Amino acid sequence: MQFMLLFSRQGKLRLQKWYVPLSDKEKKKITRELVQTVLARKPKMCSFLEWRDLKIVYKRYASLYFCCAIEDQDNELITLEIIHRYVELLDKYFGSVCELDIIFNFEKAYFILDEFLLGGEAQETSKKNVLKAIEQADLLQENIDFQMRLFAGSRDPAQRAGGNRTDINTIFIAIHTPPSASYSAVCS
Amino acid sequence: MFDLEVLVTTERERSRKRGGLALGDPAASSGLRFKNRRPEVPASGDNKVKICHCFIRKLLCCSVRLNPDATFLSGGGSFKKGKSKEAEIKRINKELANIRSKFKGDKALDGYSKKKYVCKLLFIFLLGHDIDFGHMEAVNLLSSNKYTEKQIGYLFISVLVNSNSDLIRLINNGIKNDLASRNPTFMNLALHCIANVGSREMAEAFASEIPRVLVAGDTMDSVKQSAALCLLRLNRTSPDLVPMGEWTTRVVHLLNDQHLGVVTAATSLITTLAQKNPDDFKTSVSLAVARLSRIVTSASIDLQDYTYYFVAAPWLSVKLLRLLQCYPPPEDAALRSRLTECLETILNKAQEPPKSKKVQHSNAKNAVLFEAIALIIHHDSEPTLLVRACNQLGQFLQHRETNLRYLALESMCTLASSEFSHEAVKTHMETVINALKTERDVSVRQRAVDLLYAMCDRSNAKQIVAEMLSYLETADYSIREEIVLKVAILAEKYAVDYTWYVDTILNLIRIAGDYVSEEVWYRVIQIVINRDDVQGYAAKTVFEALQAPACHENLVKVGGYILGEFGNLIAGDSRSSPLVQFNLLHSKFHLCSVPTRALLLSAYIKFINLFPEVKATIQDVLRSDSQLRNADVELQQRAVEYLRLSCIASTDILATVLEEMPPFPERESSILAKLKKKKGPGKLPDMDDSRRSVNGSTDSTHSFTDVLNLNPAPSSGANLLIDVFSESSAPAAATDVSEENFPRFVCKNNGVIYENQLLQIGLKSEYRQNLGRMYVFYGNKTSTQFLSFSSSVSSSDLNVHSKAVDPVIEGGAQMQQILNIECVSDFSDAPVLNIQFRYGGALQNIAVKLPVMLNKFFQPTEMMSQDFFQRWKQLGAPQQEVQKIFKAKHPMDTEVAKAKILGFGVALLDGVDPNPANFVGAGVVHTKTTQVGCLLRLEPNMQAQTPNGNAAPPATDPSFPFGAGLPGSHLGICSRCRGEQGDGFVGLKGTWPKSHELKVAFDLASFLPPDGRVCERLLLRT
């Protein structure tokens, strides 16, 4: 595998992993081109396409596209299942994963990927083993005070003028504006 | 920019679902949903560390607050987006400043804050912003003994590799400590970092260390896995730094490891290493077969967590099958049969009912199946397996899963090139053609085209080409060019009769003219020129095709070229008489681009040669202002030159110059080359004939595969009419004789006779009586040596002795060669200098016509006026006299004309002619056998170009020549120059038997500088 990209339906890159040495400029160019190509495809189309001299394998999970570039001799179907296994791992770790989990816990998404794939090849395909490794690492962590304000003293004046709502409230308002259609009901 | 969309997405997802649109969700069919839900609020005490949530949320908030109703807007105006982006940048810059000041501050930061800020920097970088600081802090984190700090440090380094050498040393130091720590978690972090960065510096530092870790007996399994793949990455990026050694045999034995995860990682490593050093890893074959056999025969529960949706270790199976593809079929019979058994089991499993309806089950199962088929094709030795594989793929061709249809088409392409399964693949032709018509996904259709191309042979070529042509009418623009190339190749390769080929290509141009590249139409012309059995048909067909009111420019090109060459073959029919052909072509002229028009002009001048009866019409066209004064230099030049050529050259010369094109040398098909380039190496189904010889689909007598090569033929501008392929510039195997500068030497002896990008040839010559000496200077214009340089002179009439030359010409150097020339008797053909040398490996051939004409052997003779007229009058017999009237190119200048006549070799006799405007000369041509006296007279007509030659009465009065001061009657003498416009006149009188006088006169005439308004008369008598 040469690289793996996760991007949203809006074309925003959520995770990138490169297994070949490329310059930042090339990476940006490839990303832009590929995101465009994949987003332009219709839902029922097949998951593989030829792109430059690579084969692209992609799959969409809700609002997020998982996209891998593999070489000519590599197996497309098994790559598709690599993607699925990665999604399963994320899902198991976060418990019903969503795009926001990956934004908020991007470092975790990277750590899980490193346990699963290394150098572009599957390192450990057992779900149990990967999660065990990640959980062991988590156990090593110290407790962190989440109440700690990272931005104390540097608040945006506009926000201060906006009222007393906390950051978290703002998010909830944004998300909950239309009355609740239960996510779990919709998504199960 | 980023977070806003998340919210919008979440919102839209939800409203979509409420609206009942959820069925259209592509994820709905997959086993697992990537759920849309609100992330949990991080609770304190949660052991999952969430480091910069607040920061991320801040960024979310500023977007949301600026666009309070953003979530309801489906389009999301760019204005608002821009504003939120601005807010984001503002926020980020503020944060960057904050972090910078924290890092620079006097107070030492504790590990937690350092980690927090590094993590923020990382997040900002991943958003697409540039980060130019913080590397040092990240490196510091590596030496922390707290796991999370170390982890963030490593992540930062993995993502933001910096080539700063000081830093790399520090990073390597940190990695070294962790590798030596014996703490498996830390070791894994270090190994992941090496594998992610994979830089050369890291390879230098650790390439010898990692193999030791990998094979050490006490290494933990998870570390072994990381070490194996880490080594794989280093081997890919810097293979020279990874030493092979004693550890290789022990690595092979990892295939026997108890832990399937270790086997999985090790198999990848061994495959990569075995591709480069197959001999070192030969023993892996038997181990891999054994392992594979155990997996495929195991019950699905045996492998516990390595079973994926009821498929036993699919990843490992695929990797083992990949490893086996590095080697030929095992020689050991037992091993071989065990492998065959495995492959049969895999094929059998494909027929079993699925154990699960989940797509993951079938994907994993089929992934193994496709890899097994790839191995079967790679071995290409078991006909039964190949045919079974083909049948299995045949089933997939009609599977409801698009992915499977796609892969089946792709895999069948490779099967088609095996002699055992080619016939079996052909049985699926109807299905594939159907796929071409019905598939909705363009990438699947493209695979179908590839497969049709691969399965094509002589038996089905007509049908496949017809299907591809009909598909072309509706094909996606993105793949049209490729289909055009494929059709062109197949049509050529499998043409039994070339009329079908011509029809196919013309159809191709009609259907998809825009996508027909130059290679294709060059090719059809080359084939028509090389095969005389198809020329008449081709002329007839293009003539008919051109009748269409709107035809593609490529058709006009082909039509123009073919009619120009072979229009005579259909001219017998009154419906396609020369004039009809010309009018047809010319009706397209004004709609065409410049290159096509240039080609048409060439076709017109060829018409003049083929059909003298349309000469006047064509000359009128060439003479029109839209041609002669065309703004485009190329067109103007062609029009002027062709017009001149048609005016001043005799029928013989025209016939020589405008001769039918000689057959093209046969080379590799450039269409094929182009297709290969387009598809990339290895992607093209093997069209190698030898493999299919069993079914007789191709035969070796087929000679046209290779005719068309684009790197052409060059001409080095020697012959204007070869210049139709105007891209051609390389002086490749030029065998055309260069005469470009030849006329310049009629009246002078020194100068540059030939020049191209590589070589310049200069001449210096002197003549005395019937002997001449010519110094040839070869100048190497390049900076590299010419090797194996040799030259020879071929001459039919002259004795030429050339001195041997040094075989090497250094870059930038010049070499001299001396030629001694003897004129034996009168002659008309100039000697040709043939040069051959090697430049950068390519053999160069150059032929140059040397400017040795009869007039070089003139000795000037002074004589008195009376003598002159007496002799002149004696020479009245028709064979003793040559006269020519021509149009002057430049205003007549007495001094220039004098210099030219002197250069011509005769003595200029002053005060001989009663008309001072006329020039008179006399000389003796010396040959070994005889000497011939010559008289010459040039009569410029200073008046306007009065009557047109065509209308002028032919003068037959032999006593005329000295009608001095009778400008109006000059034209009378042009009777011998019939066909000329009668604007100018040159005469030459001599007694030698061969009729080449006119040629000499012509050489001179073309050189003298008359202009359109001035008539000259040049008479030369012996």
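The legends below describe several close-up views of a predicted model.

**View 1. The five-stranded sheet of chain A, with a helix of chain B packed on it.**
Five strands of chain A form an open sheet in the order β2-β1-β5-β4-β3, with antiparallel pairing. At its edges stand β2 (13-18) and β3 (48-51) of chain A, each of which pairs on one side only. Averaged over the sheet, and with direction ignored, neighbouring strands are turned by 20° against each other. Within the sheet, strand β4 (residues 54-61) of chain A and strand β5 (residues 64-70) of chain A are paired in the antiparallel sense over 7 bridges, and Lys55(A) has Ile70(A) in β5(A) as its bridge partner. Helix α19 (residues 402-416) of chain B packs on this sheet, where it touches β3 and β4 of chain A; the direction of the helix makes about 50° with that of β3(A).

**View 2. A salt bridge within chain A, between Glu33(A) and Arg52(A).**
The closest N and O atoms of Glu33(A) and Arg52(A) are 3.2 Å apart in this salt bridge. The pair links distant parts of the chain, since Glu33(A) belongs to helix α1 (residues 24-39) of chain A, whereas Arg52(A) lies in the loop between β3 and β4 of chain A, 19 residues apart. Glu33(A) counts as partly exposed because its relative accessibility is 28%, and Arg52(A), at 46% relative accessibility, also counts as partly exposed. Over all chains, the structure holds 37 salt bridges.

Arg447(B) counts as buried, with a relative accessibility of 3%, while Glu50(A) is partly exposed at a relative accessible area of 29%.

**View 3. A salt bridge within one helix of chain B, between Arg638(B) and Glu634(B).**
Arg638(B) and Glu634(B) form a salt bridge whose closest N and O atoms are 2.6 Å apart. Both residues lie in helix α33 (residues 633-648) of chain B, where they are 4 residues apart, about one turn of the helix. Arg638(B) counts as buried, at 4% relative accessibility, whereas Glu634(B) is partly exposed, its relative accessible area being 33%.

**View 4. The largest nonpolar core, with the surroundings of Tyr86(A).**
The largest nonpolar core has 271 residues, and those with the most contacts inside it are Met4(A), Phe66(A), Tyr86(A), Ile175(B) and Leu508(B). Helix α2 (residues 76-94) of chain A gives the most to this core, contributing 11 residues. When neighbours within four places in sequence are left aside, Tyr86(A) is in contact with Met4(A), Leu6(A), Leu15(A), Phe66(A), Ala109(A), Ile112(A), Leu113(A) and Phe116(A). Apart from this core lies another, of 48 residues, among them Phe745(B), Phe786(B), Phe857(B) and Cys934(B).

**View 5. An open sheet of 5 strands in chain B.**
The strands of this sheet follow the order β4-β5-β6-β9-β8 (chain B), with antiparallel pairing. Because β4 and β8 (798-802) of chain B stand at the edges, each with a single partner strand, one side of each is left without a neighbour in the sheet. Neighbouring strands are turned by 25° against each other on average, direction ignored.

**View 6. Strand pairing from β4(B) through to β9(B).**
Strand β4 (residues 751-755) of chain B runs antiparallel to strand β5 (residues 759-768) of chain B and is joined to it by 4 bridges; the two form a hairpin with 3 residues between them, and Val752(B) has Gly762(B) in β5(B) as its bridge partner. The hairpin of β5(B) and β6(B) has 2 residues between the strands, and in it Gln769(B) takes a positive phi near 50°. Strand β9 (residues 814-823) of chain B pairs with β6(B) in the antiparallel sense over 9 bridges, and Leu771(B) stands opposite Glu822(B) in β9(B).

How values were computed. Residues numbered from 1 in each chain as written. Chains lettered and ligands numbered in written order. Predicted model: local features only at pLDDT ≥ 70, side-chain atom pairs only at ≥ 80, totals over all residues. Heavy atoms only, no water. Pairing = 2+ DSSP bridges. Axes fitted to C-alpha atoms, helices over the stretch in contact; angles between N-to-C directions. Core = buried A, V, L, I, M, F, W, Y, C linked by side-chain atoms within 4.5 Å. Buried < 20%, exposed > 50% of the residue type's maximum accessible area, 1.4 Å probe, protein only. Contact = heavy atoms within 4.5 Å. Salt bridge = Lys/Arg side-chain N within 4 Å of Asp/Glu carboxyl O.
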